[in-house]
Amino acid sequence: MGAGLTTRAIVFGLLAVSSLAGCAKTRDRQPFVATVHAVTNGCVFRVAGLEVTLDQLSVIAGREASKTRRAQLRGDVETPYRCVGAAIYTLQRVGFRAVDFRTDPSPPAP
């Protein structure tokens with residue numbers, strides 16, 4: 001019975017190590033990056049410098065979510081939560097497990 005526990009412990013240890021190795025590979029990948037800021041009549045989202053709608057963000061981000069599980073949303077301190085929250089919800093809905101939000105000290109140039 002003692003040998004069975006030892007073998008079981010080794011198997012679980014190997015599974016844990018292989019799982020951690022998989023996580024390390026995911027962590028090494030660059031996150032998907034989008035930006036958000038507010039304008040007078042709503043929110044502006046950008047991916048790779050191109051202005052996109054929230055629906056377009058969903059489609060573009062959905063394609064990237066299978067490649068990396070991390071997304072980074074960038075904005076400025078003046079961006080209202082309605083814009084930030086909409087983007088975070090969209091990124092989580094398409095499959096990103098972790099969404100970081102980083103603020104810049106000043107608003108981006110239009």
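In strand β2, Cys 43 is the bridge partner of Ala 38. Strands here are DSSP E runs of at least two residues, helices are H or I runs of at least four, and both are numbered from the N terminus. β1 and β2 run antiparallel to each other and pair over 5 bridges; two strands count as paired if DSSP finds at least two bridges between them. This is a predicted model, where local features need pLDDT of at least 70 and side-chain atom pairs count only at pLDDT 80 or more, while totals for chains, interfaces and linings use all residues. Residues are numbered from 1 along each chain as its sequence is written, and side-chain values use heavy atoms, with hydrogens and water left out.

Now for the sheet as a whole. It is an open sheet of 5 strands in the order β3-β2-β1-β4-β5, and the pairing is mixed. β3 (50-52) and β5 (98-104) sit at the edges with a single partner strand each, so one side of each has no neighbour in the sheet. From one strand to the next, the twist averages 30 degrees. Helix α3 lies across β1, β2, β4 and β5, and runs at about 45 degrees to β2. Such angles run from 0 to 180 degrees between N-to-C directions, with axes fitted to C-alpha atoms (for helices, over the stretch in contact).

Next comes the largest nonpolar core, with 18 residues. A nonpolar core is a set of buried Ala, Val, Leu, Ile, Met, Phe, Trp, Tyr and Cys residues joined through side-chain atoms within 4.5 Å. Buried means under 20% relative accessible area, exposed means over 50%, and partly exposed is in between (1.4 Å probe, protein chains only). Phe 32, Leu 57, Leu 73, Leu 91 and Phe 96 touch the most other members. Two or more residues each come from β1 (32-39), β2 (42-47), α2 (54-65), β4 (70-76) and α3 (81-93), and α3 gives the most, with 5 residues.

Leaving out residues up to four places away in sequence, Phe 96 touches residues including Phe 32, Ala 61, Ala 65 and Leu 91; contact means heavy atoms within 4.5 Å. Ala 65 itself lies in helix α2 and is buried, at 2% relative accessibility. Beyond its neighbours within four places in sequence, Ser 58 is in contact with Thr 90, Arg 93 and Val 94.
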